[in-house]
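Hi there,

Here is the model I promised to pass on to you.

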Amino acid sequence: MALAFLLSGFLITAFLMTIAKRITALIRTFRLQSIFLFLYTLAMAITGKHIELFIICVSILILKVGIIPYVLTRIVRRINVEENLELAVNPQLSLIVALLLTYLSYIFTHRIMSFSESMGSTVFAVSIAMICIGFFIMVSRMKALSQVLGLLTMENGIFLAAAAITGGMPFFVEIAFFFDIFVFVIIIEIFVYRVNRLFSHIDISKMKSLKG
Amino acid sequence: MLIGAMLLIPFVLSIFSLVIRKERALGITNAFGYGSLLVICVLFTNNFLARQHPLSLWGWLYIDSLSVFFMLTTAVVAFAASVYSISYIRSETEENKISIHKAGAYFHLFNLFCFTMLLVPLLNNLALVWIAIEMTTLVSAFLVGFHNVKESIEAAWKYIIICSVGITFALLGVIFFYYTSSTHAGIKSLEWVKMLEGARFFEPKIVKIALLFIFVGYGTKAGFAPMHNWLPDAHSQALSPISGLLSGVLLKISLYAILRFVMLANLSVGYAFSAKLFVLFGLCSLGVAAGFILVQKDLKRLLAYHSVEHMGVISVGLGFGALGGIYAALFHVFNHAVTKAFMFFCAGNAVRAYRTNNMNKMQGMIQLMPFAGIAIFLGAFALGGLPPFSIFMSEVLILIAGFVSKQYLVSALMFIFLAIAFAGLVHHISKIALGSKPQSMPRQKETLSIKFALLFLGIFILGLGLKIPNLFFILLSSCQKLILGQ
């Protein structure tokens, strides 16, 4: 029951991200999604009673709920990003695409993976759907920050997939991944400022000097 | 021991470059550092081949002949790039294009970049390999966007985002491998040695899916078409010594990661499946690149597309597989690394002298600077694959492997695409090199360090075309055996 609630939380936040029209809404939804991820690992930690799982849990809380949304909102505040996301694909169509991707993820999971218990397969299907939707956000929004958020959604999906099918990666690997995401976000911040200073906007679809 | 020293050198140098504030002194120390790194690397290779035993160090590192080969390639190109950097950075600072402060930052990033690249082939844990490869992207993005102008920042942004997405897919592949290894083989670890022991029990269906993700993911970074979009931008906008490293080494480091997973997959699905994927991506890259090479106007983009072309050649060679194809492909990895670095260094000189990347505005380079001019002219033939240069040797070996394994159509297609690329390249480069130089431009002074870097790489380009040293032959053959799991 609780798990079903969490899983629908993942899907709903992913859908909300595809139809979000403002960058701040996108960041807020990402934070909500990370909270669901935190709750999911917390549930795993409580049932598994591993100290390592608790550490991973806390790292998610600090990094994905705390630092990353904070850094992104700081960028928005500092450079006065134009709030409107100018969707290349309108919200209705985006939602249909997202639903289609979710359906395909289910089919993929049932065809390819052979899970003994149905819950594992559902979690996996949801995680694949998140990865696909994250990718869709990246290609359909040509703003720098929404690309980053799409990528982060994909990473959330990957994290969930790892938890679903393997019960989590080895401990130090997880920690290394967190470090990697952290470095990624910091470097992205630096580059967003540079892009903004040189182009006076952060609209990737308007960058056209390199062709052919 | 030697390995420890080898990894320490770039690390120490990177700290050095934060302290010393003289770009010339820094450049020379750097070059000496990489010189000794190369010597250590050669000594290690020698020791290693005498023993022929994989080596495990501190639980983190695992070194077999494949690691040694990629490490050696990296060390050779990194040394040449460090020598070339001396005068490149010096003239950039003299022209006030970059400040002394930024020169220090350059050497700092250069060392971090080389450190991450040297680390990848040595790591035992496949998840750490993933992280190290992501780190190469993040570090080199600064070197791509070094000049802080619109074009280079755009290229750096594309580079970070596209490669990060690619590598996220690769991570999914890694997770699939981990899944099948932990549930079907009972090995709850991502360490290469342990996974290899259980690789026989992997579930073939999942391995195939995982391998697809690995190919798309790491293939993005290895410059396979159709995921190559970022490559011409990043390689043309980076500083020229860095372009050499990006094209020469970084693409291959990514290929190394693919090979590791292919070796795991061999034991459950066989090499034939991977071979099909290699041929598919290889032909795709060859075809796409050949088209763009013909219509190219920008010198460094021309060379960047040529890297896509050669990644295609390597990939097709790997696809030809058992009958010498892998040997030839790995040989080509080395040849392309040195030749492409050579060409990017020459192109760097041209771009700096003419102050443009546009090939239509360059003429008479041989008159303008005889050494680099002749070098770029000969280099075009070497890169296009004419005898007696080394790329000719490896391409012929790949074609022979293709015919021996009866893949006539693929071989013929590869030959046609290579011919197109050759025509395009020689046409463009001869226009640059020949003719008379613009009246207004005085003859350029060519510094010793540039000449030395070009000569150093030239020795490999010509030498390996004439004769393959015994040591190198043993190394490549044992790599081929390793990949096929014999």
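First, a convention: helices (H or I, at least four residues) and strands (E, at least two) are DSSP runs, numbered from the N terminus. Residues are numbered from 1 along each chain as its sequence is written, and chains are lettered from A and ligands numbered from 1 in the order in which they are written. Please keep in mind that this is a predicted model, in which local features need pLDDT of at least 70 and side-chain atom pairs count only at pLDDT 80 or more, while totals for chains, interfaces and linings use all residues.

**Chain A as a whole**

Chain A has 7 helices and 0 strands, so its order from the N terminus reads α-α-α-α-α-α-α. Along the principal axes, the C-alpha atoms of chain A fill a box of roughly 50 × 35 × 35 Å.

Of the 212 residues in chain A, 42% count as buried. A residue is buried if 20 or more other C-beta atoms lie within 10 Å of its own, exposed if 12 or fewer, and partly exposed in between, with C-beta atoms placed from the backbone. Two residues are in contact if their C-beta atoms, placed in that way, lie within 7 Å. Among contacts in chain A between residues at least 6 apart in sequence, 70% join residues at least 24 apart.

**Where the chains meet**

The contact between the chains takes 29 residues from chain A and 34 residues from chain B. On the chain A side, the elements that give two or more residues are helix 5 (118-140), helix 6 (144-166) and helix 7 (171-199). Helix 7 of chain A supplies the largest share, 11 residues. By type, this side of chain A divides into 22 nonpolar, 4 polar and 3 charged residues. Here Ala, Val, Leu, Ile, Met, Phe, Trp, Tyr, Cys and Pro count as nonpolar, Asp, Glu, Lys and Arg as charged, and the others, Gly among them, as polar.

**Loops of chain B**

Most residues other than glycine have a negative phi, and most peptide bonds are trans.

- R355(B) has a positive phi near 55 degrees and lies in the loop between helix 13 (325-354) and helix 14 (365-368). R355(B) is exposed, because 9 other C-beta atoms lie within 10 Å.
- N148(B) also has a positive phi, near 55 degrees, in the loop between helix 5 (126-144) and helix 6 (150-183). With 13 C-beta neighbours inside 10 Å, N148(B) counts as partly exposed.
- The peptide bond from A225(B) to P226(B) is cis, with omega near 0 degrees; P226(B) sits in the loop between helix 8 (204-222) and helix 9 (230-237).
- P387(B) and P388(B) are joined by a cis peptide bond with omega about 5 degrees, and P388(B) is in the loop between helix 15 (370-384) and helix 16 (390-404).

Best wishes
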